[in-house]
Amino acid sequence: MVSPAVELRTVRAGYRDRLVLDGVSLTVSAGEWLAVIGPNGAGKSTLVKAVLGLTRLGGEVLLDGRDRRTLSAREAARIIGYAPQQPALPGGLTVTDYVLLGRTPHLGLLARESSADENVVADVLRRLDLDQLAARRISTLSGGERQRVVLARALAQQAEVLVLDEPTTGLDLGHAQALLALVDRLRREDGTTVISTLHDLTLAGQYADRVLLLDGGEMVAAGPPAEVLTPERVARYYDADVDVVTVGGRQVVVPVRSDAS
Amino acid sequence: MKTQPVTRLRARTLVGGIVVLLATMLVAVLIGAAELGWQRVLAEIWAQLTGGMSPLSEREAAILWQLRVPRVMLAGAVGAALASSGAAFQGVFRNPLADPFLLGAAAGAGMAATIVVVFAPALTAWAGSTLPVAAFAGAVGGVALSWLLSTSYGSVSPTTLLLAGVAVSAFLTAVQTFVQQLNADTIRQVYGWMLGGLAITGWTDFVRVIPYIAAAAVVLLVCGRLLDVLALGDAEASSLGIRPGRLRLLLISAASLATAAAVSVSGLIGFVGIIVPHFIRLTVGASYRVIVPLSLLGGASFLIVADQIARTAMPGELPIGVVTAFAGAPFFIIVLRRNAEKLW
């Protein structure tokens with residue numbers, strides 16, 4: 001049997017004096033797109049950090065069936081790539097310089113990039129339509145371009161699993177769609193597993209294979225979007241009035257004004 | 001000029017930096033208070049290289065080889081140490097204002113030097129070596145104290161460390177000022193040391209500090225690429241397989257040792273650690289793979305020139321810290337105004 005790309009077994013995670021994630025278990029199969037949703041403070045970002053090994057853990061995180069704690073930082077970095085919600089972008093670097101940093105886990109500590117690494121980066125830039133910007137300084141890019149550059153850096157890592165924390169933050173509708181469509185295409189072409197947190201439930205319904213709903217650090221629902229994204233559930237956990245419409249077999253979550261007659 | 005997609009230290013740039021440094025060193029050796037005549041100095045250097053006859057008298061040769069040359073070498077070593085440490089601190093703290101004295105190195109050295117001047121004047125007169133040793137220990141102690149105070153649960157956040165450095169600096173400076181006020185007659189000597197200056201001690205100082213500075217330079221040169229990774233923040237650096245805490249400790253230790261070594265023989269020379277790395281960042285590129293090596297070369301050249309001005313511009317000597325700021329600041333402002341959009 002093929003082991004799942006990522007598996008969490010009763011993971012408890014949090015910060016110094018505060019437990020945020022209390023006993024979450026889940027498996028993500030290779031090539032699957034899992035969207036993690038939930039209201040503010042539900043523990044979405046903490047879940048991401050737990051998968052990345054950035055918070056103290058109870059329970060186990062397995063990557064490719066291997067306990068994360070038995071892997072070195074470099075080994076883990078070759079399995080999981082990460083694009084954060086608010087990346088620190090050194091404005092003075094060129095786009096190519098920045099994306100090349102994604103090759104770090106593949107380099108010896110003191111080595112410099114080979115032409116093979118530069119080819120990987122050139123290829124990633126081409127696929128993301130960034131080759132025209134290769135020599136531009138990051139400080140001169142627009143918000144949408146920056147988001148793509150961050151994705152490019154994570155892709156240059158050539159990891160099997162891509163973790164995206166709110167990848168569409170700050171993007172307008174068109175750019176958000178374009179970015180997620182791009183991730184979806186890359187996933188189909190390379191078989192990459194995607195774990196992303198998403199605020200926008202419609203986008204989660206449109207792109208994810210499976211949706212995980214967190215509330216108060218606990219998993220309250222998981223399954224295909226059609227099962228998880230119901231008006232009752234959204235009302236209960238988001239305290240929001242919505243309608244869920246199915247368009248072309250995918251879920252669209254529409255806010256409805258409740259005080260209107 | 002079209003920007004290259006990959007920022008690399010190109011051979012042309014590196015050779016250019018080395019040529020500038022060698023030229024600066026040569027000019028500095030040719031000029032001095034004692035009129036040796038530049039043609040005769042050149043002839044002497046040529047004679048040493050080829051084993052020919054020296055045109056200089058024994059006394060003149062001593063002035064050249066025991067005073068001028070070691071002073072130029074010392075200025076170069078101190079400049080290289082301060083500029084490359086400054087670059088490393090800016091990278092580690094992701095802060096353009098970071099300089100090598102940020103974590104208490106200056107205040108620690110100042111306090112230790114003052115205590116020695118006040119309480120052990122006989123010692124300074126006796127060996128001339130107590131002051132540098134005390135300053136070195138004070139600088140290392142100041143940084144170590146900042147580091148220890150900002151450690152919590154085994155890890156150190158850059159912001160906490162920065163603030164701990166400010167607090168430690170303020171405290172040590174207060175102690176230093178207090179001790180100094182109690183012994184007002186020593187103010188001039190303490191103040192003179194603080195403004196910075198390179199003493200003429202033959203090769204002793206150079207030989208004493210060069211191991212620290214060379215070791216630190218190797219560490220910082222090797223870590224140029226990792227400084228770029230660190231600039232992405234801890235979460236991303238970790239997700240790229242780097243352990244940011246360990247890397248920070250390594251970089252800060254190396255930069256602080258170099259700074260302490262520099263401070264111990266030159267007092268507090270401000271500005272070099274900020275102006276040189278930024279000059280490189282603005283004119284050549286923002287990757288630390290370029291900034292670190294060129295800061296080493298540029299810092300050495302800059303301080304050799306500054307020391308040259310300090311010892312020849314006026315009868316008597318100007319404090320070198322005055323020169324670095326007086327000459328450096330306007331020049332830096334011009335570069336900054338032309339290239340500000342490239343910053344960070």
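Predicted model: local features only at pLDDT ≥ 70, side-chain atom pairs only at ≥ 80, totals over all residues.

Biologist: What percentage of the residues of chain A count as buried?
Modeller: A residue is buried if 20 or more other C-beta atoms lie within 10 Å of its own. Among the 261 residues of chain A, the share that counts as buried is 42%.

Biologist: What is the order of the strands in the open sheet of six strands in chain A?
Modeller: The pairing in this sheet is mixed. S6 and strand S10 (218-223) of chain A are at the edges, and each has a single partner strand, so one side of each is left without a neighbour in the sheet. Neighbouring strands are turned against each other by 15° on average, direction ignored. Read across the sheet of chain A, the order is S6-S7-S8-S3-S9-S10.

Biologist: In which sense do S6(A) and S7 of chain A pair?
Modeller: Strands of a sheet pair through backbone hydrogen bonds, either parallel or antiparallel. Strand S7 covers residues 161-165 of chain A, and four bridges join this strand to S6(A). Gly81(A) stands opposite Leu162(A) in S7(A). The sense of the pairing is parallel.

Biologist: Which helix lies across S6 and S7 of chain A?
Modeller: The helix in question spans residues 143-156 and runs at about 170° to S6(A). Its name is H5 of chain A.

Biologist: Tyr82(A) is in strand S6 of chain A. Is Tyr82(A) buried or exposed?
Modeller: Tyr82(A) touches residues of both chains, including Leu52(A), Val163(A), Glu236(B) and Ser239(B). There are 27 C-beta neighbours inside 10 Å of Tyr82(A), so this residue counts as buried.

Biologist: How many residues of chain B are in contact with chain A?
Modeller: On the side of chain A that touches chain B, helix H2 (73-79), strand S6 (80-83) and helix H3 (95-100) each supply at least two residues. By class, that side has 17 nonpolar, five polar and six charged residues. The contact joins 28 residues of chain A to residues of chain B that number 28.

Biologist: Why is helix H1 of chain A said to be largely enclosed by the rest of the structure?
Modeller: Helix H1 of chain A covers residues 44-52. Its buried residues include Leu47(A), Val48(A) and Val51(A). The helix is followed by Gly53(A), whose phi is positive, near 80°. H1(A) is largely enclosed because the buried part of its nine residues comes to eight.

Biologist: How many residues lie between S1(A) and S2(A) in their hairpin?
Modeller: S1(A) and strand S2 (residues 18-28) of chain A run antiparallel and are joined by eight bridges. Between the two strands of the hairpin, the number of residues is two.

Biologist: Which strand pairs with S1 of chain A over seven bridges?
Modeller: S1 of chain A spans residues 6-15, and this pairing is antiparallel.

Biologist: How far apart are the axes of H4 and H6 of chain B?
Modeller: Two packed helices are described by the angle between their axes and the distance between the axes. Helix H4 (residues 105-119) and helix H6 (residues 130-150) of chain B pack at an angle of about 145°, and their crossing is right-handed. The residues of this contact are 13 nonpolar, five polar and no charged. The axes of H4 and H6 of chain B are separated by 7 Å.

Biologist: In which helix of chain B is Ile280(B)?
Modeller: Ile280(B) has 25 C-beta neighbours inside 10 Å, so this residue counts as buried. Among the residues that Ile280(B) touches are Val290(B), Ile291(B) and Leu294(B). The helix that holds Ile280(B) spans residues 272-283 of chain B and is H13.

Notes. Residues numbered from 1 in each chain as written. Chains lettered and ligands numbered in written order. Buried ≥ 20, exposed ≤ 12 C-beta atoms within 10 Å, placed from the backbone. Contact = placed C-beta atoms within 7 Å. Nonpolar A, V, L, I, M, F, W, Y, C, P; charged D, E, K, R; others polar. Pairing = 2+ DSSP bridges. Axes fitted to C-alpha atoms, helices over the stretch in contact; angles between N-to-C directions. Left-handed = near helix turned anticlockwise from the far one by under 90°. Lists of a residue's contacts leave out its neighbours within four places in sequence.
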